[in-house]
Amino acid sequence: MTGPRPGRTAATKRKLFDAALKLVGERGAASVTVDEIAAEAGVAKGTVYYNFASKDALVDALLRHGVDLLAARLKAAGDEAGTEAAMTSLVDGMLGFFAEYPAFGQLLVSELWRTPGQWHGTLGLLRDDIVSIVRGQVQRLADAGRLPEGVQVGTASAALFGTMLVVALDWQVFQPERDLAEVRESVLLLVRGLRPPA
């Protein structure tokens, strides 16, 4: 007897990810059931348990997968030589990601600032992963003398991450007629309130 084909298993997992992301992004992880995820994905309930031990394991994997995708985009900013180009790349990466995966943005906002629940530990670690990438770029600004006096790199990094996340969600929900370039420029105008280059 042969097992499932790897390609088929990957395709099934992707269907489950997409279904879970849609439902969890709309209603929050706690209120979505395995039956609903299976129905949305067009698979049997047992398929969810075959691929993931539980709904919690699926949501945990979903969170990790989404943050890995986001991190890969943000790390591209480190390839830029200048601080201005790096910050533009960082903002583009985050806004572009949430334009492509708006439900993931809703999931992050709803779960990150919810009273600590079962995914709080995972989300805390994942948030730290993303903020550390942002921090690398903010540190470059600090090293170039671009941060206002007294502004801490850690605080500025968390603020920039939160700003981009909320702006992206606001854009997708309330201002979908705006294009990426326009939203990006609005965020960069805030960032350019930093000290000008020496």
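This is a predicted model: local features need pLDDT of at least 70, side-chain atom pairs count only at pLDDT 80 or more; totals for chains, interfaces and linings use all residues.
**A walk through the aromatic cluster and the core**

Searching the whole structure turns up 4 aromatic pairs (Phe, Tyr or six-membered Trp rings with centres within 6.5 Å; planes under 30 degrees apart are stacked, over 60 edge-to-face, the rest tilted). Select F97 and Y101: their ring centres sit 4.9 Å apart with the planes at 40°, so this pair is tilted.

Numbering runs from 1 along each chain as its sequence is written, and side-chain values use heavy atoms, leaving out hydrogens and water.

Colour by accessibility next. F97 is buried at 1% relative accessible area (buried is under 20%, exposed over 50%, partly exposed in between, with a 1.4 Å probe and protein chains only). F104 is buried too, at 2%, and Y101 counts as buried at 19%. Bring in F98, and ring pairs link F97, F98, Y101 and F104 into a cluster.

Stay on F98 and show its contacts (heavy atoms within 4.5 Å). Leaving aside residues up to four places away in sequence, F98 touches L70, F104, G105, L108, L165, A168 and Q172.

Last stop: select K13 and F52. K13 lies over the face of F52, 5.5 Å from the ring centre (the rule: NZ of Lys or CZ of Arg within 6 Å of the centre and within 35 degrees of the ring normal).
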